[in-house]
Amino acid sequence: CGAWVAAEPNSAFAHLSRAIAFMATNSGNPAEDLDRAIQLNPRYAEAYATRAYYRRYWMLFDGAANDLEQAFRFGISDKKIEQSARNELTIVQGGQKCFHGSPTEGVLFCGAIVAGIKAAKNLGKEPPYSVHMMRPLLGRLGIAEFETGAYDLALEAFQNLDEARELYGEQYGGLWDCKWSYYWGQTYRQKGDVQRAFDKFYHCDNGSETDPSIRSKVDDALGLIWLERMQLRTAIDYFEHAIRDAPADSSSIGDVATYLVHRGIGYFLQGDLNKAMTEVKAALTKNPREAQALYVLGVIEQRNGDASGSAIDMFAATRVQPDIATVMEKMGIKP
């Protein structure tokens, strides 16, 4: 085999062999040789299967899944390699459910991968990819735990992010996802720790997050804390940023409606009922079932002497959200 590789150094087989050697010794750049092998022979099933393993090793699950699809499509001649590829597919599908599945799937599959890495570390067999990927896994796990209402477990996962930084050093500790900070902050909010929540939101707000949907959520969350502190001008500024930075696509319409009504609440607490009404009506054009907007509109109508309109809107609000009166009273809005 070595002589054959030496004779044909630029063949697809030679590049695959070199990639396998690099992977076995944890050296070189296997990705380049795997890519080159497939460029030279686009129907090279074994090369696709090997690249799938390499991509899964670095938790690039979507790319690994595509490679395995191609490997099975072109047919793997070696039965042992084929069986290995099918086993690999099970792992890859679990990884995809970890990062892209429902919150429940995220908890199950991300939790299993994290547990596997920790077990390997305890045995002294920690794979190198865990250095790069432990933090994204913990971040995703924390978000999934939060979304399933398991706030204590979410907090544990997020706190382990700092542990991962200490374990693997600042070389990888500098990598951060604003989404983690946002959900970490929301977890603290659910636990009643407003100051720590503020710190996490503020960490994200001062970062370099480019995802406008997350940036908007963070601005709104900070605005609500300033609202609770009755720093109304600052709160309104944050809500304005949230509205301005929200994505223009339809997926953010509900969020924008929420940001508008929050800005309306800021104006209401300032005593400017006209501006408040304008905001909540704008919110209702985007989401006619926005409970907070309906309730605030009902309160404003009541203060303006429109008892009939007030009753209709406040009733509509309670049908959407039965506890809306309690929620709004905590925000300083009451008839």
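## Helices H15 and H17

H15 passes H17 in a left-handed crossing, meaning that the near helix is turned anticlockwise from the far one by less than a right angle. Helices here are DSSP runs of H or I with at least four residues, numbered from the N terminus. The two pack at an angle of about 30°, and their axes lie 10 Å apart. H15 is therefore roughly parallel to H17, a term for angles under 35 degrees. Axes are lines fitted to C-alpha atoms over the stretch in contact, and angles run from 0 to 180 degrees between N-to-C directions.

From H15, the residues Val-261, His-262, Ile-265 and Phe-268 meet Gln-292, Ala-293, Val-296, Val-299, Ile-300 and Arg-303 of H17; contact means heavy atoms within 4.5 Å. By class, this contact has seven nonpolar, two polar and one charged residues. Ala, Val, Leu, Ile, Met, Phe, Trp, Tyr, Cys and Pro count as nonpolar, Asp, Glu, Lys and Arg as charged, and the others, Gly among them, as polar.

## Basis of the model

The model is predicted: local features need pLDDT of at least 70, side-chain atom pairs count only at pLDDT 80 or more, and totals for chains, interfaces and linings use all residues. Residues are numbered from 1 along each chain as its sequence is written, and side-chain values use heavy atoms, with hydrogens and water left out.

## The largest pocket

The largest pocket has a volume of about 820 Å³. A pocket is an open set of points on a 1 Å grid over the protein atoms alone, where a 1.4 Å probe fits, with protein on both sides within 12 Å along at least five of seven lines; lining residues have an atom within 4 Å of a point. Points are joined across faces, edges and corners, and the volume is the space filled by probe spheres set on them.

Of the 25 lining residues, Gln-186, Arg-189, Leu-224, His-262 and Gln-292 are the closest to the pocket centre. Helices H11 (178–190), H13 (212–228), H15 (253–270), H17 (291–303) and H19 (324–330) each supply at least two residues of the lining. H13 gives the most, with seven residues. The lining has 12 nonpolar, six polar and seven charged residues.

## Helix H6 and its partners

The axes of H5 (residues 61–74) and H6 (residues 79–100) come within 9 Å and cross at roughly 150°. H5 and H6 are therefore roughly antiparallel to each other, the term for angles over 145 degrees. Their crossing is left-handed.

H4 (residues 45–57) also packs with H6, at an angle of about 35° with the axes 10 Å apart. Glu-46, Ala-52, Tyr-53 and Arg-56 of H4 make the contact with Ile-81, Glu-88, Ile-91 and Val-92 of H6. These residues divide into five nonpolar, no polar and three charged.

Note on methods:
Parallel < 35°, antiparallel > 145°, perpendicular 65-115°, else oblique.
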